[in-house]
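Hello,

Here is the structure I promised to pass on. Have a look, then read my notes below.

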Amino acid sequence: MSDQLSLYGKNFSSRLLVGTALYPSPAIMRASVQASAAEIITLSLRRQSPEQQQGRMLWDYIRESGCQLLPNTAGCKTPREVIALAEMSREIFQIDWLKLEVIGDDYNLQPDPYGLVEAARELVKRGFKVLPYCTDDLVVCRKLLDVGCEVLMPWGAPIGTGQGLLNRYNLQALRERLPTTPLIIDAGIGAPSQAAEAMEMGFDAVLLNTAIARARDPVLMAQAFKLGVESGRSAFNAGLMLKRQTASPSTPTLDMPFWQQGHETLQE
């Protein structure tokens, strides 16, 4: 059976999205993306200049890879900044996909919920396919859906912390209350086991960057995350057992152990 990720009418076999920043070199970035088998790659226009050699190499690779480019508005703090950068991105890449970020706090890089909804509303009107980076706030998520976003990207933890899923209650509530909305855990994932847990909870995909780029061996870590996401998705599809408060034997017993039953039979 096909189990593809569907976003804005486009299907993907991989449920792992990766970023292109912080790698030791463009060559390692390229090898890591290939090892991850990701089909969606994020790129920050604000932090990469097309005039710089490294920036050109990144952009050239993304075009050659055949992956879906997901430009992001990282570093923007106002809807006005976001919209200007989004239009520039669409002009350069000729695509209307956008990872929307409106940062409200410099300490934990938490999204500004008011600016996020305002920017999303305007971007949708302009024809963008918006994937907003947001917190795990159900009310904010609903407002983003109301203004036309079809995909949501709630954080697991603040960007780059590697803390994993800090608020499992809120995340589980999002999954249960928005059952038909594609939900992608974005930010805070630090280990493949954390990515697997997110997938086991029923999230549709995981987006990460730092955990791979800052690993001792980014290529090997990319492969580990690929397997973690696949394992978590398989576990979700298989159906996890229900947790119990009391012990339950894994081997049922009917009367006496088999060796005692055999002994009684011989005596007879």
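Let me start with a question: which residues does Thr 181 touch, not counting residues up to four places away in sequence? They are Leu 145, Glu 150, Leu 152, Arg 175 and Asp 204. Thr 181 sits in the loop between α6 (168-177) and β9. Thr 181 counts as buried because its relative accessibility is 10%, and the cut-off for buried is under 20%.

Please keep in mind that this is a predicted model.

**The whole chain**

The protein chain has 268 residues, and 46% of them are buried. It holds ten helices and ten strands. Take the contacts in the chain with a separation of 6 or more: residues 24 or more positions apart account for 66% of them.

**Helix α7**

Helix α7 covers residues 192-200. Its buried residues are Gln 194, Ala 195, Ala 196, Ala 198 and Met 199. What do these buried residues pack against? Their partners are β9 (184-186), β10 (205-208) and α9 (218-238).

Ala 198 counts as buried because its relative accessibility is 0%. Leave aside its neighbours within four places in sequence, and Ala 198 is in contact with Leu 165, Ile 185, Phe 203 and Val 206. Take Ile 185 from that list. Ala 198 and Ile 185 are 13 residues apart in sequence, and their C-alpha atoms are 7.2 Å apart in space.

Just after α7 comes Gly 202, with a positive phi of about 105°.

**α7 against α9**

Now to the pairing of α7 with α9. The two axes come within 7 Å and cross at roughly 25°. Angles under 35 degrees count as roughly parallel, so α7 is roughly parallel to α9. The crossing is right-handed.

Which residues make this contact? From α7 come Pro 192, Ala 195, Ala 196, Met 199 and Glu 200. From α9 come Met 221, Ala 224, Phe 225, Gly 228, Val 229, Gly 232, Arg 233, Ala 235 and Phe 236. By class, that gives ten nonpolar, two polar and two charged residues. Ala 195, Ala 196 and Met 199 of this contact are also among the buried residues of α7.

An α-helix has 3.6 residues a turn, so residues three or four places apart point the same way.

**α1 against α9**

Helix α9 also packs with helix α1, residues 26-36. Their axes are 7 Å apart, at an angle of about 20°. By the same cut-off of 35 degrees, α1 is therefore roughly parallel to α9. α1 passes α9 in a right-handed crossing.

On the α1 side, the contact is made by Ile 28, Ala 31, Ser 32, Ala 35 and Ser 36. On the α9 side, it is made by Pro 218, Val 219, Ala 222, Gln 223 and Lys 226. Six of these residues are nonpolar, three are polar and one is charged.

**Two loop residues with positive phi**

Ala 37 has a positive phi, near 65°. Ala 37 is in the loop between α1 and β4 (40-44). Its relative accessible area is 33%, so Ala 37 is partly exposed.

Leu 109 has a positive phi too, near 55°. Where is Leu 109 found? Leu 109 is in the loop between β6 (97-100) and α4 (113-125). With a relative accessible area of 30%, Leu 109 is partly exposed.

**Cysteines**

How many disulfides are there? The count comes to zero. Cys 134 is in no disulfide, and the nearest cysteine sulfur, that of Cys 141, is 3.9 Å away. A disulfide here needs the two sulfur atoms within 2.5 Å. Cys 134 counts as buried because its relative accessibility is 0%.

Cys 149 is in no disulfide either. Its nearest cysteine sulfur is that of Cys 134, 8.7 Å away. Cys 149 is buried as well, with a relative accessible area of 4%.

Over to you.

Best wishes

Notes: Residues are numbered from 1 along each chain as its sequence is written. This is a predicted model: local features need pLDDT of at least 70, side-chain atom pairs count only at pLDDT 80 or more; totals for chains, interfaces and linings use all residues. Side-chain values use heavy atoms; hydrogens and water are left out. Buried means under 20% relative accessible area, exposed over 50%, partly exposed in between (1.4 Å probe, protein chains only). Helices (H or I, at least four residues) and strands (E, at least two) are DSSP runs, numbered from the N terminus. Contact means heavy atoms within 4.5 Å. Axes are lines fitted to C-alpha atoms, for helices over the stretch in contact, and angles run from 0 to 180 degrees between N-to-C directions. Angles under 35 degrees count as roughly parallel, over 145 as roughly antiparallel, 65 to 115 as roughly perpendicular and the rest as oblique. A crossing is left-handed if the near helix is turned anticlockwise from the far one by less than a right angle, and right-handed if clockwise. Ala, Val, Leu, Ile, Met, Phe, Trp, Tyr, Cys and Pro count as nonpolar, Asp, Glu, Lys and Arg as charged, and the others, Gly among them, as polar.
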